[in-house]
Amino acid sequence: MPGMKLNKEPKIQDVMTTDDHITVSFDDGRILSFPLKWYPRLVRATPAQRRNWKLLGRGVGVHWPDVDEDLSAEGFLKGWPTREYLRSLEHKTKKQEIFA
């Protein structure tokens, strides 16, 4: 239909990491930053390994080959931490309940 806008999902353009944060830039101008601790594999990676990333599917995700980590644009846009991080929180909570 003429004049109808297509729903285009934002694509990742760039990724930067520090020792504490990951910052993701999207093609629609959004720039989102998250605690690096949400991504345990990246926390354990060296700075050089974190810099070695590749876009997946023209920006639908990011792959870090040195640490075998894949993260999606959808996950970043929804503010989701990794399952590995969420499991660590569950484990910590259970441990606290045992020793409470």
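A: Let's start with Glu69, which is buried (under 20% relative accessible area, with over 50% called exposed and anything in between partly exposed, using a 1.4 Å probe and protein chains only). Glu69 has no salt bridge, and the nearest side chain of opposite charge, Arg41, is 4.4 Å away. A salt bridge here needs a side-chain nitrogen of Lys or Arg within 4 Å of a carboxyl oxygen of Asp or Glu. As for charge, Lys and Arg count as positive and Asp and Glu as negative, while His and the chain ends are not counted.

A quick word on the background: this is a predicted model, where local features need pLDDT of at least 70 and side-chain atom pairs count only at pLDDT 80 or more, while totals for chains, interfaces and linings use all residues. Residues are numbered from 1 along each chain as its sequence is written, and side-chain values use heavy atoms, with hydrogens and water left out.

Back to Glu69: you'll find it in strand S6, residues 69–72. Strands (E, at least two residues) and helices (H or I, at least four) are DSSP runs, numbered from the N terminus. Setting aside neighbours within four places in sequence, Glu69 is in contact (heavy atoms within 4.5 Å) with Arg41, Leu42, Val62, His63, Trp64 and Thr82.

Asp68 isn't a glycine, yet its phi is positive, at about 50°. Most residues other than glycine have a negative phi. Arg58 also has a positive phi, near 60°, and isn't glycine either. Arg58 sits in the loop between strand S4 (54–56) and strand S5 (61–64), and it counts as exposed because its relative accessible area is 80%.

Now for helix H1 (residues 40–44), which holds Val43. Val43 counts as partly exposed because its relative accessibility is 42%. Not counting residues up to four places away in sequence, Val43 touches Leu36, Lys37 and Arg50. Its C-alpha atom is 8.3 Å from that of Asp20, 23 residues apart along the chain.

Last stop, the sheet: three strands make an open one, ordered S1-S2-S3, with antiparallel pairing. Strands S1 (12–17) and S3 (31–35) are at the edges, each pairing on one side only. Two strands pair if DSSP finds at least two bridges between them. S1 and strand S2 (residues 21–26) pair in the antiparallel sense over five bridges, and Met16 has Thr23 in S2 as its bridge partner.
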